[in-house]
Amino acid sequence: MGRLLLVRHGETAWNAEGRLQGSEDISLSEEGRRQARLIGDRLADRSIDVAFSSDQSRARETAHHILEGLDVVLNPLPALRERSHGVFERLTVRERKDQYPEMFAASLVKNLDFAPDGGESFRGTNRRMAGWAHDFLQKHLKETVLVVGHGGSLRGAIIAWHGCPDESTWRFLLANRGLPLIDTYADTPLSRPFTHLPLLLRVTPASTFL
């Protein structure tokens, strides 16, 4: 059996201000660093075989705080970057509504193919993460793996691992310092279609550990 320790990065100043970050490379706030250290404390008695994070600063910094004092090398991956929000990035809800009223109205509809100008759609993020999630799980099925990413990118991976439809996008919400755990089992052949992989997974509620 293996275990995936999934962590959304700690809080940033932009999170606190309600600004979309997406592809913007924003560092953790002091509160975000505190949150990351708390996760590290919760995981201190767990043996971590390998660690990965998005290569964006907020995820990378979160991972470093979690791994502080552990002999585990962090592997930053561009594949784990957050969904790009295009022209909406840097803006609050009010600013998006005022500057791009038609696009803002369109963003309120549950449309998997909607993307702000220059951004990535929900479906695009899910497809991007599905390709990564499939290969990743095959390589680390029997290991305890820390993965630090973002709300959108981790959600896409979770949907892929569970074989959920893209419409499940709006049913998953990962808070800052959220810690969903997924146990993985090798007793079912990985040669079967990836849509059957839920047979390998068991989710442990984050509330059990935080």
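1. Of the 210 residues in the chain, 49% are buried. The model is a predicted one, and the remarks below should be read accordingly. Among contacts with a separation of 6 or more, 71% join residues 24 or more positions apart.

2. The chain contains 7 helices and 6 strands. Read from the N terminus, their order is β-α-α-β-α-β-α-α-α-β-α-β-β.

3. The largest nonpolar core has 20 residues, and those touching the most other members are Leu4, Leu6, Trp132, Phe136, Val145, Val147 and Trp161. Two or more residues of this core come from each of strand 1 (2-8), strand 2 (50-54), helix 6 (122-139), strand 4 (144-149) and helix 7 (151-161). A separate, second core comprises 16 residues, among them Ile48, Ala63, Val72 and Val148. In soluble globular proteins, nonpolar side chains tend to be buried together.

4. Leucine 6 deserves a separate entry. Apart from neighbours within four places in sequence, leucine 6 contacts Val147, Ile158 and Trp161, and also Gly178, Leu179, Pro180 and Ile182. Val147 and Trp161 are, like Leu6, listed among the core residues that touch the most other members.

5. How do helix 2 and helix 3 pack, and at what angle? Helix 2 (residues 30-42) and helix 3 (residues 57-67) have axes 7 Å apart and pack at an angle of about 40 degrees. The two helices are therefore oblique to each other, since an angle counts as roughly parallel under 35 degrees and as roughly perpendicular from 65 to 115. Their crossing is right-handed.

6. Helix 2 brings Arg33, Ala36, Arg37, Ile39 and Gly40 to this contact, where they meet Glu61, Thr62, His65 and Ile66 of helix 3. By class, the residues of the contact comprise 3 nonpolar, 3 polar and 3 charged.

7. Which residues of helix 3 are buried? They are Ser57, Arg58, Ala59, Thr62, Ala63, Ile66 and Leu67. These buried residues pack against helix 2, and also against strand 1, strand 2, strand 3 (74-77) and strand 4. After helix 3 comes glycine 69, with a positive phi near 90 degrees.

8. Glutamate 61 lies in helix 3. Its relative accessibility is 22%, so glutamate 61 counts as partly exposed, given that buried means under 20%. Leaving out neighbours within four places in sequence, glutamate 61 is in contact with Ser27, Leu28 and Arg33. Glutamate 61 and arginine 33 are 28 residues apart along the chain, and their C-alpha atoms are separated by 7.8 Å.

9. Serine 121 is located in the loop between helix 5 (101-107) and helix 6. Is serine 121 buried or exposed? Its relative accessible area is 14%, and serine 121 is therefore buried, as the limit for a buried residue is under 20%.

10. The surroundings of serine 121 complete the list. Not counting residues up to four places away in sequence, serine 121 touches Arg83, Leu112, Asp113, Phe114 and Ala115. Serine 121 and histidine 85 are 36 residues apart in sequence, with a C-alpha to C-alpha distance of 8.4 Å.

Definitions and conventions. Residues numbered from 1 in each chain as written. Predicted model: local features only at pLDDT ≥ 70, side-chain atom pairs only at ≥ 80, totals over all residues. Heavy atoms only, no water. Axes fitted to C-alpha atoms, helices over the stretch in contact; angles between N-to-C directions. Helix = DSSP H or I, 4+ residues; strand = E, 2+ residues; numbered from the N terminus. Parallel < 35°, antiparallel > 145°, perpendicular 65-115°, else oblique. Left-handed = near helix turned anticlockwise from the far one by under 90°. Contact = heavy atoms within 4.5 Å. Nonpolar A, V, L, I, M, F, W, Y, C, P; charged D, E, K, R; others polar. Core = buried A, V, L, I, M, F, W, Y, C linked by side-chain atoms within 4.5 Å. Buried < 20%, exposed > 50% of the residue type's maximum accessible area, 1.4 Å probe, protein only.
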